[in-house]
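I set out to record what a single protein chain shows when its atoms are examined one topic at a time. The entries below follow the order in which I looked things up.

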Amino acid sequence: SCLKRIVRDGTMLAIISDARFPNEIDRSNEWGAITARLAKNRFADEAQHSSETALDHYKPEQYSIYIDNNEMSINEQNQALLAELMKLGMFPAEPE
């Protein structure tokens with residue numbers, strides 16, 4: 001699996017940018033990964049494949065980070081994600 005390759009390679013940082021199914025989030029959480037969900041529904045008006053909706057029933061607390069980015073620009077969502085990662089100690093806080 002992807003998680004096993006990450007552990008085997010011993011990388012300090014690995015980003016999996018697309019988890020679509022409950023077992024992917026569950027396994028990542030079990031392995032101690034930081035999971036993040038950007039909740040914007042880009043396909044609200046379109047027919048959706050099950051891979052686009054499989055995590056819709058997951059609650060925000062099932063993720064390390066949950067950001068409702070429906071009203072955010074890309075820059076705003078990036079800043080919000082960075083702020084949450086900094087709270088978790090992933091990056092040093094910006095100097096004041």
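Entry 1: Are Tyr 58 and Tyr 63 buried or exposed? I find that Tyr 58 is buried and that Tyr 63 is buried as well. I use buried for a relative accessible area under 20%, exposed for over 50%, and partly exposed for values in between, with a 1.4 Å probe and protein chains only.

Before going on I note the basis of these entries. The model is predicted; local features need pLDDT of at least 70, side-chain atom pairs count only at pLDDT 80 or more, and totals for chains, interfaces and linings use all residues. Residues are numbered from 1 along each chain as its sequence is written, and side-chain values use heavy atoms, with hydrogens and water left out.

I then looked up ring pairs. A pair of aromatic rings is described by the distance of the centres and the angle of the planes. Rings of Phe, Tyr and Trp (its six-membered ring) pair if their centres lie within 6.5 Å; planes under 30 degrees apart count as stacked, over 60 as edge-to-face, and the rest as tilted. By this rule I count two aromatic pairs. The pair of Tyr 58 and Tyr 63 is tilted, because the ring centres are 6.2 Å apart and the planes stand at 55°. Tyr 63 also pairs with Tyr 66, again in a tilted arrangement, with 6.2 Å centre to centre and 40° between the planes. Tyr 63 has a relative accessible area of 7% and is buried, whereas Tyr 66, at 37%, is partly exposed.

Entry 2: the chain as a whole. I record four helices and two strands, taken as DSSP runs numbered from the N terminus (helices H or I, at least four residues; strands E, at least two). Along the sequence the pattern reads α-α-β-α-β-α. The chain has 96 residues, of which 18% count as buried. For contacts I use heavy atoms within 4.5 Å. Among contacts between residues at least 6 apart in sequence, 64% join residues at least 24 apart.

Entry 3: salt bridges. How many salt bridges does the count give? The count comes to five, where a salt bridge is a side-chain nitrogen of Lys or Arg within 4 Å of a carboxyl oxygen of Asp or Glu. I looked at several of them in turn.
- Arg 8 bridges to Asp 9, with the closest N and O atoms 3.4 Å apart. Arg 8 is exposed at 60% relative accessible area, and Asp 9 is exposed at 55%.
- Arg 27 and Glu 30 meet at 3.3 Å, N to O. They are separated by about one helical turn, because they are three residues apart in helix H2 (residues 22-30). Arg 27 is partly exposed at 44%, while Glu 30 is exposed at 58%.
- Lys 87 and Glu 84 meet at 3.0 Å, N to O. Both lie in helix H4, three residues apart, about one turn of the helix. Lys 87 is exposed at 62%, and Glu 84 is partly exposed at 25%.

Entry 4: Ser 28. Ser 28 also lies in helix H2 and, at 11% relative accessibility, counts as buried. A polar atom of its side chain lies 2.8 Å from the backbone oxygen of Glu 24. Leaving out residues up to four places away in sequence, Ser 28 touches Leu 3, Ala 33 and Thr 35.

Entry 5: Leu 38. I place Leu 38 in strand E1 (residues 36-38), partly exposed with a relative accessible area of 35%. Which residues does Leu 38 touch, not counting those up to four places away in sequence? They are Ile 67, Asn 69 and Gln 77.

Entry 6: surface. The chain exposes about 7500 Å², and carbon and sulfur atoms supply 50% of this area; accessible areas come from the Shrake-Rupley method with a 1.4 Å probe, and for residues only the protein chains shown count as cover. Leu 88, in the segment after helix H4 (74-87), is partly exposed at 46%.

Note on methods
Polar contact = N/O pair within 3.5 Å; in protein donor to acceptor, adjacent residues only side chain to side chain.
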